[in-house]
Amino acid sequence: MRIPESARPSPHLTPTQMEVLRCVHSGLLNKQIAHQLGIAEATVKVHMTAVMRKLNVRNRTQAAIAAGRLRLTA
């Protein structure tokens with residue numbers, strides 16, 4: 001039996017991971033996210049890797065779609 005996506009619990013993301021995900025959902029590039037959050041671009045990549053693993057997706061497009069479905073963006 002499959003659990004509907006709306007009934008699945010949200011993955012536990014850190015506040016910074018949430019911010020990075022919001023920026024990805026808005027269509028920003030890693031360089032833009034790094035500038036906006038005041039962190040290194042390499043750090044954005046680390047956060048994106050963790051976010052994609054927690055959301056069980058393979059790329060940033062799927063992460064942005066999952067964020068919208070899970071209403072993780074504001």
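The accessible surface of the protein chain amounts to about 5,200 Å², and carbon and sulfur atoms contribute 54% of this area, as computed by the Shrake-Rupley method with a 1.4 Å probe. The model is predicted, so that local features need pLDDT of at least 70 and side-chain atom pairs count only at pLDDT 80 or more, while totals for chains, interfaces and linings use all residues. Residues are numbered from 1 along each chain as its sequence is written, and side-chain values use heavy atoms, with hydrogens and water left out.

Of the 74 residues in the protein chain, 32% are buried, that is, under 20% relative accessible area with a 1.4 Å probe, protein chains only. The chain holds four helices and zero strands, in the order α-α-α-α from the N terminus; helices are DSSP runs (H or I) of at least four residues, and strands (E) of at least two. Among contacts (heavy atoms within 4.5 Å) with a separation of 6 or more, 56% join residues 24 or more positions apart.

Helix 3 (residues 41–55) packs against helix 4 (residues 60–69) at an angle of about 60 degrees, and their axes lie 10 Å apart. The axes are lines fitted to C-alpha atoms over the stretch in contact, with angles from 0 to 180 degrees between N-to-C directions.

Methods:
Buried means under 20% relative accessible area, exposed over 50%, partly exposed in between (1.4 Å probe, protein chains only).
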